[in-house]
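The stops below are meant to be selected in order.

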Amino acid sequence: MERRTYPRVDAYARVGVRVLPVQGQSAYFSEISEAAAVADIANSELNEVTELPELLSDLQERAYSLGRVLDSSDKADGFRKLEYKQLNLSGSGVRLLCNTMVSVKDIIELRMILPVQPPVPIFIYGEVVRVMETEDGYAAASEFIAVSDEIRRDIAQFVSSLLDAT
């Protein structure tokens, strides 16, 4: 029986997918987007909220922070136009629906905004390991490649926070 290294969770996030050439694969390295560095986002932790005004204020701050990441500059790296997609995410890979044709062994670039506080816009690369054609496109599962420990940790913490909330 196969044991997974990281837990998986179904989630929604803003994601864009692009198929890349396999040649030059060693040049791909996942990174946190410079759009995050350009944005001046206040980092606040969500403490136990017992009053409705505090909850609304926190939600407003989160929405404002995400908007600032998306609109921070002309160097937003295409994050402004990302669509929300359902995905199955773990620290080792992702499964999601792609609008373009993908094949096993294809290298894909994902532009994704982890919906945490502050939002984390990342470029992450994966090698497609399974594909299933559907009515809506291609359900593709990919294994992350060339991922820094920092990004893998951010994804794993996001997944854990969703699992803890259920």
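**Ground rules**

This is a predicted model, in which local features need pLDDT of at least 70 and side-chain atom pairs count only at pLDDT 80 or more, while totals for chains, interfaces and linings use all residues. Residues are numbered from 1 along each chain as its sequence is written, and side-chain values use heavy atoms, with hydrogens and water left out.

**Whole chain**

Show the cartoon. The protein has three helices and seven strands, arranged along the sequence as β-β-α-α-β-β-β-β-β-α. Helices (H or I, at least four residues) and strands (E, at least two) are DSSP runs, numbered from the N terminus.

Now colour by accessibility. Buried means under 20% relative accessible area, exposed over 50%, and partly exposed in between (1.4 Å probe, protein chains only). Of the 166 residues in the protein, 40% are buried. The accessible surface comes to about 10,100 Å², and carbon and sulfur atoms hold 49% of that surface; the areas come from the Shrake-Rupley method with a 1.4 Å probe, and for residues only the protein chains shown count as cover.

Contact means heavy atoms within 4.5 Å. Among contacts with a separation of 6 or more, 73% are between residues 24 or more positions apart.

**The nonpolar cores**

Select Leu87, Leu89, Leu110, Met112, Ile124, Phe144 and Ile155. These have the most contacts inside the largest nonpolar core, which has 26 residues. At least two residues of this core come from each of E1, strand E3 (83-89), E4, E5, E6, strand E7 (137-145) and helix H3 (149-165). A second, separate core has eight residues, including Leu20, Phe79, Leu82 and Ile113. A nonpolar core here is a set of buried Ala, Val, Leu, Ile, Met, Phe, Trp, Tyr and Cys residues joined through side-chain atoms within 4.5 Å.

Centre on Leu87. Leaving aside residues up to four places away in sequence, Leu87 touches Val9, Asp10, Ala11, Ala13, Val15, Val94, Arg95, Leu96 and Met112.

**Helix H3**

Select residues 149-165. The end C-alpha atoms of H3 are 24 Å apart, in agreement with the 24 Å that its 17 residues should span at 1.5 Å a residue; the expected span is 1.5 Å times one less than the number of residues. Which residues of H3 are buried? They are Ile151, Arg152, Asp154, Ile155, Ala156, Phe158 and Val159. Their cover includes E1, strand E2 (31-32), E3, E5, E6 and E7.

**Salt bridges**

A salt bridge is a side-chain nitrogen of Lys or Arg within 4 Å of a carboxyl oxygen of Asp or Glu. How many salt bridges are there by this rule? The count is three.

Select Arg18 and Glu109. Their closest N and O atoms are 3.2 Å apart. This pair links distant parts of the chain, with Arg18 in strand E1 (residues 9-20) and Glu109 in strand E5 (residues 107-114), 91 residues apart. Arg18 is partly exposed at 45% relative accessible area, whereas Glu109 is buried at 5%.

Arg111 is partly exposed, at 22% relative accessibility. Shared partners join Arg18, Glu109 and Arg111 into one network.

Next, select Glu127 and Lys105, a salt bridge with its closest N and O atoms 3.7 Å apart. Glu127 is in strand E6 (residues 120-134) and Lys105 in the loop between strand E4 (93-98) and E5, 22 residues apart.

**Single residues**

Stay on Lys105. Its phi is positive, about 85°, although Lys105 is not a glycine, and the residue is exposed at 55% relative accessibility.

Move to Ala146, in the loop between E7 and H3. Ala146 also has a positive phi, near 50°, and is partly exposed at 31%.

Go to Arg14 in strand E1, which is buried at 14% relative accessible area. A polar atom of the Arg14 side chain lies 2.8 Å from the backbone oxygen of Leu82.

Finish at Glu31 in strand E2, partly exposed at 42%. Glu31 touches Pro121, Ile122, Phe123 and Ile151, residues up to four places away in sequence not being counted.

Conventions:
A polar contact is a pair of N or O atoms within 3.5 Å; within protein, one must be able to donate a hydrogen and the other to accept it, and residues adjacent in sequence count only if both atoms are side-chain atoms.
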